[in-house]
Amino acid sequence: MAFTIKVNGSTHSVDVDGDTPLLWVLRDVLGMTGTKFGCGMALCGACTVHLDGAPTRSCVTPVDSVGTSEIRTIEAIGATAAGAKIQKAWLDLEVVQCGYCQSGQIMSASALLAGNPHPTDSDIDDAMSGNICRCGTYVRIREAIKQAAQSSR
Amino acid sequence: MILDHIVSRTTGSGQFERASELTRRGFIQAGVAAGGGLMLSLRLPLARGEAEAADADRFAPNAFIRIDRDGRIVLIMPYVEMGQGTYTAIPMLIAEELEVDLNQVHLEHAPPNEKLYVNPLLGVQATGNSNAIRGAWQPLRQAGATARTMLVAAAAKRWNVDPASCGAQSGAVLHVTTGRSFTYGELAGDAGRMPVPENVALKRHQDFRLIGTRAKRLDTPAKVNGTAVYGIDARPPGVKIATLAQSPVFGGRVKSVDDRAAKAVKGVRQIVRLDDAVAVVADHMGAAKKGLAALVIAWDDGPHAKLDTAAIASELEEATLKPGAVAQNIGDVGAAMARAITRVEANYEVPFLAHATMEPMNCTVHVRNDGCEVWVGHQALARAQAAAAKVAGLPLDKVVVHNHLIGGGFGRRLESDGVSRAVEIAKQVDGPVKVVWTREEDIQHDMYRPYWFDRLSAGLDGKGRPIAWSNRFAGSSVIARWLPPGFKDGLDPDSTDGAIDLVYDFPNMHVEYVRVEPLGIPTGFWRSVGPSHNVFVTESFMDELAAAAKQDAVAYRRALLTKSPRAKTVIDLAAEGAGWGQPLPERVGRGVSLQNAFATYMAHVAEVEVAKNGAVRVRRVVCAVDCGTVVNPDTVRAQVQSGIIFGITAALYGEITLKNGRVQQANFDTYQMLRMNEAPAIDVHIVQNSEPTGGMGECGTSAIVPAVANAIFAATGKRLRKMPVDVAMLKQPA
């Protein structure tokens, strides 16, 4: 059946089974490929999007559970204050290597910073440990979150 | 090292000599480009086999630099970016000598052409083995200097002045005394008609303006806003999405498929049945996965239905009881062993490992009657093209491959099994189809880092010094399959890399390799390749010898480094930075490792804490690295950090096991990755010198595993001779 979802401020109608994960609606139906597939089981965080600001693993989120929530993806995270700061810190500190997981990392980090402008190391661990980076950019992700937080002061 | 062994063996000279040799022969040609600019054609030396040797006098360019009339500088480059920073470091080499800013150099990726874009150290068009910078270092700087010289000559001719009175700066030629100037764009057409200078002078290291500075990576902005396009993001018009189930046992076959339920899934378009796999083609991956789950497939498991890892380990262990091919012999180990005061023996084992790139395997293919188009991220583009052509039954020139950014390579994307599979499926589909492996399929149908079994012994004299070192190991030769000419007389340069030519002064040393190819599990290159196995073994065993000699692990190694001053420098730096020797709490220990591989020297000191329940946490790693001339220090630092995390992941968690022929790990719950909360602090000390540039992508990984194991020994007294870490073994008795 058809579902109406709101992504980055635009409304879309999609005709898929209700149990279709939001990830595939975004990537394959709407063609928004910035959100990545990594595991399909909410184990790696590559598919993280925001639902009403909350970081959410889109690979295990059925489209029929989204309702009227506002979906925000990596393509529009730069429009939020926290997202813009995170992206800038990512560039300043050269966090990225292969870059495949970084959409999800940035979505998790932006949500953290939006809700907690001055996260501690332990806050960073809690918010970011669900996101795997195979290139091992963790050291720089931690520094970049701190730098972004610094710029909020 | 590794594959350049092949190169140097066949040519009898090292890479730098070869580069200068080719300069003498004129390896650069220039002319006027279409559109009126300056076009430089470059020959990166190729050295494999006699056919190519016969070709050596004929000019065959394999890289191109174009300066357009609007001043745009385009480098057509044969290497791929997979996170290692190549797309930034390589343009730095040209920009340095051409006297332009880094952002003035634009990159175009070379299309697949094995003859044109051969990697000088690999002998095939591939990016791997940490050799992009090593291969490009000399030729690309020479090309930049050649272009600059020709632009200056063109300007001097217009002004009718001595070229020596002109200088190049920021993309323009300046007449110093009169202040007149022309931009490169204005000169490009004329420059194309100037003679190619014979011997251009390269900048001295102290004059480098870009090389050695922290350059911003060029590929980053698109990777933080979702616009970067990886292979999995390819969306040719009308593309369908497929996912697949391959025989859970390698070598098995599909017996029967009941696809009635799968076909009823909304969005499922087609079921493709192959001999050993079934694919579901759908409008989107959600439907494809749902369809796949609804399939009822009966498999004929084939000959490996009972295979398990323990049987492979026994086969390898037994193989080390018989003589192998001698990889290195120094002195007389037998005689030295007979007079040794202390004898140390140990067996080591390392497991099969999956690559688990964050971007799961995928390949998009459109097969038409008269041609085939492929969208993929691949480390060896020409191989991808050849694989597609073979399966599609088309000549090479009918196969177009669009290469993409790579969401993690680590050796996995040197293989073309995924391309072949996708073409097999696409042949049965009308229109383009993107085949995406689920994470489970990706892990269970990888080409794994080989399992290795090593049998070592050493003899120490009265002062504890090693007077005899013997090592015989057995495992699969990836080279023998991937680059058959590289396997000769029972040896290949990868399998033995890190086990021979050690930095230490061993008066008597004997190393043998026994090639064993376990059936029922495919093997492949994995980040840090041969050293991923050998450095763990040799550096752990060195630690055992230090312990047997009751000596400090750093001091013991240091005393054996009289012929390796660069090794001595890095071990000293790492030990000092880590506070080696300073007291630590109970069940916390430091471990050291020392490595010379990929033409780079590296020492790690790992600081590890072992909990009462046996859980290991790496708290801090101090790395000292000497990779010769540093092109981009920030990339060096990033690659060390990356390699360390990759290696710790393997040391703590990495293990692929088989039971009844089936890989038992499937996703990140059973094949775990190191995460943010477990990542250590990492300090990197870079040695500054002007030695030839070494590789960086691999080194950190192989060197960290023994450092962690040795730190665990320091913390607990338990010697880990088998990876990954066995937590049960480290549990503190109540």
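Author: In chain A, 62% of the contacts between residues at least 6 apart in sequence join residues at least 24 apart; two residues are in contact if their C-beta atoms, placed from the backbone, lie within 7 Å. This is a predicted model, in which local features need pLDDT of at least 70 and side-chain atom pairs count only at pLDDT 80 or more, while totals for chains, interfaces and linings use all residues. Residues are numbered from 1 along each chain as its sequence is written, and chains are lettered from A and ligands numbered from 1 in the order in which they are written.

Reader: What makes up chain A, and how does its radius of gyration stand against the globule rule?

Author: Chain A has five helices and five strands, these being DSSP runs numbered from the N terminus (helices H or I, at least four residues; strands E, at least two). Their order from the N terminus is β-β-α-β-β-β-α-α-α-α. The radius of gyration, taken over C-alpha atoms, is set against a rule of 2.2 Å times the number of residues to the power 0.38. For 153 residues the rule gives 15 Å, and the value for chain A is 15 Å, so chain A is as compact as a globular protein of that length.

Reader: Which helices of chain A supply the side that touches chain B, and how do its residues divide by class?

Author: The contact takes 46 residues from chain A and 48 residues from chain B. Helices α1, α2, α3, α4 and α5 of chain A each supply at least two residues of the side touching chain B. By class, that side has 25 nonpolar, 15 polar and six charged residues; Ala, Val, Leu, Ile, Met, Phe, Trp, Tyr, Cys and Pro count as nonpolar, Asp, Glu, Lys and Arg as charged, and the others, Gly among them, as polar.

Reader: How do you know whether B:Trp437 is buried or exposed?

Author: A residue is buried if 20 or more other C-beta atoms lie within 10 Å of its own, exposed if 12 or fewer, and partly exposed in between. B:Trp437 has 23 C-beta neighbours inside 10 Å and therefore counts as buried. B:Trp437 is found in the loop between β19 and α13 of chain B. Leaving aside neighbours within four places in sequence, B:Trp437 is in contact with B:Pro360, B:Met361, B:Asn362 and B:Asp442.

Reader: Why is strand β23 of chain B called largely enclosed?

Author: Nine of the ten residues of β23(B) are buried, so the strand is largely enclosed by the rest of the structure.

Reader: How many bridges join β23(B) to β24 of chain B?

Author: Two strands pair if DSSP finds at least two bridges between them; ten join β23(B) to β24(B), which run antiparallel. B:Arg590 stands opposite B:Glu607 in β24(B). In the hairpin of these strands, which has two residues between them, B:Phe598 takes a positive phi near 60°.

Reader: What makes β14 and β15 of chain B edge strands?

Author: Five strands of chain B form an open sheet of mixed pairing in the order β14-β22-β21-β20-β15. Each of β14(B) and β15(B) pairs on one side only. The twist averages 10° from one strand to the next. Five bridges join β14(B) to β22(B), which run antiparallel, and B:Ala325 has B:Tyr513 as its bridge partner in β22(B).

Conventions. Axes fitted to C-alpha atoms, helices over the stretch in contact; angles between N-to-C directions.
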